[in-house]
Every structure is written in structure tokens, then in C-alpha cells.
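Please examine the sequence and the model first.

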Amino acid sequence: MFLKTLCFIMFLTVSKIHLSKPNDSTSAVSFDRLELQTKKDKLLHETEWIEECKCVMVSECSSDENDASIDIRIITKPDKCPTGKVYCCSDPSLENPLIMCGKVTSQNIDGIKINPDQAKFGEFPWQALILTNGNSFVSNGALIDNKHILSTAHFLTSFSKNFSTLKVRLGDWDIYRDVEPRPHVERPVASIAIHPEYSSSNMHNDIAVITLSGAPVPVTDHVGPVCLPPRSPPDAVSPRRQWTGCRVSGWGAESFDRPRYPGVLKKVPVPLWDLQRCVESLRTTRLGATFKLHAGFLCAGGEENEDACKGDGGSPLVCEYDSVSHLIGLVSWGIGCGTPSIPGVYIDVSTYITWIEKQL
């Protein structure tokens, strides 16, 4: 990959969508490597739970946009809240080590040079690899709590009934070498929920929730969940609002024409687009002048050589608010990779918050 070039987005044509199938021997990526992990990560310590907290839906655990006096944090305590709810605290000084979503503790690795387009170890602690039990690549996703992964549906539909052949890896950085200072974490897949209105022909509702089996994923300095955004109001024109520092991460191909997958996790900054501007831009492509963008999508990117591309459907698009990262989008499809003034198309996570919460 050229500097600052990260290509992840799938290709949409008028007649078909160019998607890499997991069982395609020409596109499958093997992640066989020496497994060093022999122990499960353990939390180093626990602290008392602050009483200024309550169990709420994920979307309700955010500060009111007009109330600058509070800074809501999401904290998860095992068995503290009913399924589908989180332990939400309003004390801005909370720094509980058990779990806080959207927080990053990145670090350099001694003796390894990090290029500008490469992520530091732990910079995207929610980054998930969805693999077969034989370590072949299937898709990407994001950890949203200690038992669930959010991803796109287009690679997972064929596994919805044989999900036991899949596993999820968290905390990896270099997929070809064992150079990380801490081991990755793997969990089997317990179930996959595909959005009931997903359409493979036009990628509408391209979203899925993976439930992990085994022990809850331990939160460490290199593995942790990303925050979900507040749900979009019914009359919302766009979810852009206060988001800053938007970026997409993953192990995607360098380009669509010459797919070569990097070993080290990549990142690229992508600006969010206004909906109308996005539609107008996409209509200049082979999609044509009558193209309409589904309400479940958002657009980002459009910078030359700074985009997402083949092999990274489901990779997270995160933006910051008050120094906390939120999962704004998931890589879904696009027209080319890194084409100037042509944005990539992502699942708008805020549109699906209600459905997501029902799967947790």
C-alpha cells in the first residue's frame, strides 16, 4: 500500500456487486501463524462501582448535546445490568479499568518503525478479524461490548447457519508476524444475527451482530469496545453533527486492481459527506442520474488514494466526540478505490441502534 492509502470498500456496479466470496480460493487470505497465546488475559484489578450510575440502553448513555455539565461514560460490570443494557455513569472523572468504551491506549513496539498509514499497537482496540477455524479470512468487525461484534452482512450470510465454523480474533496488529507485546484474544461464534431486511442485490441493511461464546472478552490496554453512536432522530438529515477525527482501519488491499494485503493494521482519515453531496457525486458514476441512496447508508472519503477497498467489508469507521471514539459506520461498498471526489459508502450505524440493541 502506498503511504496513506488504505483501500477497503466493495464495488457496486449497475448489474452486480463485486464481492469476494469467503470460499473463493483466489481471494481467501490465510492467517495461519504460530499461536503463542496459551492463557486468557486477566484483568489486573477491580475497583468499586460508583453509585452515580444506572442500567440503560446503549443509545441512552450519552450526554445531551445541549448539556455541557455532564460527560456520560459507559461502564460494563458483569451481571450488573439486564441483557441489552449497559451500566452508564455520569461522573466525568470515572476511569474504571474494567471497561470504558471508545478509549484508546496505543503504544509503539520496540524495534519496529511505524509508517504514517499504519496504526500503532492498541490504537484500534475494537478491531475484529472474523476467521474460519482454519484461519482463513471471512470479514471484519468491531467489538461493541464484551460479547458482541458488529459487522456487515454480505460476507456472513453464508455462515448464518454454520456459524460454529467461525471464530473472532481481537487485539491483533501484524497478521503475519508475532511481534505484539501482548497476545491476541480469540472467541468462538455463538450466533450470527443478519438484519431481516438485508438485500444482497443492492446492499441495503448490510449489517449483522455476532454473539461470541465462551468467557466475556477481557478489556485490556489493547482490546476494548468502541462506543455506539446515539440513534438518529426520525427527521435527521444527517448524523454529521459534532464528530471529528473520523478514520477507518483494517487490513484491506492496496488497490482493487492489485489486491495485496498488508500485514500491519492500516488506518486512513476520511471526511464525512453531506447526504445530498454524496448522492450527486455517486450519480456521476456508472450508477447513473436516477440513483438513490438508501437511508441506512452514509458517505465518507473521496480523497485521492485515501479510501477503503477490496477485502475489508465490515471494517469500522470511527469518529471522536470529546476524545471518545464512536462507531459511526461500517465499510460496505463503493465505486473504485481512492477516486477523487467519489466517496465510499458505509452502513450508518446510528440508523440501526434500535435493531442492534434487540440483538444484545
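Q: Which residues are linked in a network of salt bridges?
A: This is a predicted model, in which local features need pLDDT of at least 70, side-chain atom pairs count only at pLDDT 80 or more, and totals for chains, interfaces and linings use all residues. Residues are numbered from 1 along each chain as its sequence is written, and side-chain values use heavy atoms, with hydrogens and water left out. A salt bridge is a side-chain nitrogen of Lys or Arg within 4 Å of a carboxyl oxygen of Asp or Glu. The network consists of Lys167, Arg169, Asp172 and Glu186.

Q: Are arginine 169 and aspartate 172 buried or exposed?
A: These two side chains form a salt bridge, at 3.1 Å from N to O. Buried means under 20% relative accessible area, exposed over 50%, and partly exposed in between (1.4 Å probe, protein chains only). Arginine 169 and aspartate 172 are both buried.

Q: How many residues apart in sequence are the parts that glutamate 320 and arginine 247 tie together?
A: The side chains of glutamate 320 and arginine 247 meet in a salt bridge of 3.6 Å, N to O. Strands (E, at least two residues) are DSSP runs, numbered from the N terminus. Glutamate 320 belongs to strand 15 (residues 316–321) and arginine 247 to strand 12 (residues 244–250), so the parts tied together are 73 residues apart.

Q: Is glutamate 123 buried or exposed?
A: Glutamate 123 forms a salt bridge with lysine 267, with the closest N and O atoms 2.9 Å apart. Lysine 267 is partly exposed, at 23% relative accessible area. Because its relative accessibility is 13%, glutamate 123 counts as buried.

Conventions
Helix = DSSP H or I, 4+ residues; strand = E, 2+ residues; numbered from the N terminus.
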